[in-house]
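Hi,

Here is the structure I promised to pass on.

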Amino acid sequence: MSATHSSNLTVGSGPAARTIAIETRSGGAPGLFWLGGFRSDMRGSKAMALDGLGAEHGLAVTRFDYSGHGISGGDFNEGTISRWLEEAEAVYATTHGPQIIIGSSMGGWIALLLARALLERDTPAHGLVLIAPAPDMTHELISPGFTLEEHQALQANGYVDQPSVYSDEPYRINQALISDGAQHLLFGSVIETGCPVTILQGGQDEDVPPAHAIKLVTHILHDPVTLTLIPDGDHRLSREQDLEQLKDAVLRLVEAK
């Protein structure tokens, strides 16, 4: 069984440079490339389940923390979709051979953007597995939920703090995140991935509702899509049975090579 290897990658230059922490497991193709969600890190239960899957089946695995997340450098409050996508592309460039990109929540949005970029370079991903994907979340899921007071605070202060069930500390939403997100909106036109797409969606997800996943499916017109609704699943989909479904979805794409 191969061991994991930790490394760092500098992304950006000058004042924009940040150190990205990466953990890789050597193995065969297709490799597994993990993209975590907003405020998550590469050592969460889903990421580690994928690492274990790679170890069990001899597959390469790449996990990393976006800047401002986990053990990577950088300020979370400077984070934007552009910034985190740049990091995802830089880390992806260190992989070898075809990859299955697995993205959770915000990571699902970044996975779709990364897949589009790879397709434009004629190097499409082997497949996508999206867990409660949140494309266009800044405009579809975050902004619409702001109260009048939060909108006013965003304009006056450049940020708004929102309570979260996932942390004792409130989540800070910056105006830069909202504004930058507008550059990466996917809904409204056909989403091209160039590979098979599997979506796992919890029926009890209050953060990214099932209707959002269905809307995503209606935009992927040229690639095969499988949507699995887990009726009693929440947003995290981190229960043992959820992790088994995740691993099964990945292995189906592995076997489709």
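How many salt bridges does a search of the whole structure find? The search comes back with 13, where a salt bridge is a side-chain nitrogen of Lys or Arg within 4 Å of a carboxyl oxygen of Asp or Glu.

Before the details, please keep in mind that this is a predicted model, in which local features need pLDDT of at least 70, side-chain atom pairs count only at pLDDT 80 or more, and totals for chains, interfaces and linings use all residues. Residues are numbered from 1 along each chain as its sequence is written, and side-chain values use heavy atoms, with hydrogens and water left out.

Now for some of those salt bridges. One of them joins Arg63 and Asp51, at 3.9 Å from N to O. Arg63 sits in strand β4 (residues 59-64) and Asp51 in helix α1 (residues 45-57), so this pair ties together parts that are 12 residues apart in sequence. (Helices, H or I and at least four residues, and strands, E and at least two, are DSSP runs numbered from the N terminus.) Arg63 is buried at 1% relative accessibility, and Asp51 is buried too, at 5%. For the cut-offs, buried is under 20% relative accessible area, exposed is over 50%, and partly exposed is in between (1.4 Å probe, protein chains only).

Another salt bridge links Asp161 and Arg172, with their closest N and O atoms 2.8 Å apart. Asp161 belongs to strand β7 and Arg172 to strand β8, so the pair connects parts 11 residues apart in sequence. Asp161 is partly exposed at 34%, and Arg172 is partly exposed at 25%.

Then there is Arg239 with Asp242, again with closest N and O atoms 2.8 Å apart. Here Arg239 is partly exposed at 27%, while Asp242 is buried at 2%. Shared partners also join Glu23, Arg25, Arg43, Asp51 and Arg63 into one salt-bridge network.

The other thing to look at is helix α5 (residues 148-157). Its buried residues are Glu150, Ala153 and Leu154. They lie on the same side of α5 because they cover an arc of only 100° around the axis, the arc being that of the directions from the helix axis to the C-beta atoms. These buried residues pack against β7 (159-164), β8 (167-174) and α6 (175-181), with contact meaning heavy atoms within 4.5 Å. On the face turned away from the buried side you'll find the exposed residues Leu148, Glu149, Gln155 and Ala156. After α5 comes Gly158, with a positive phi near 85°.

Cheers
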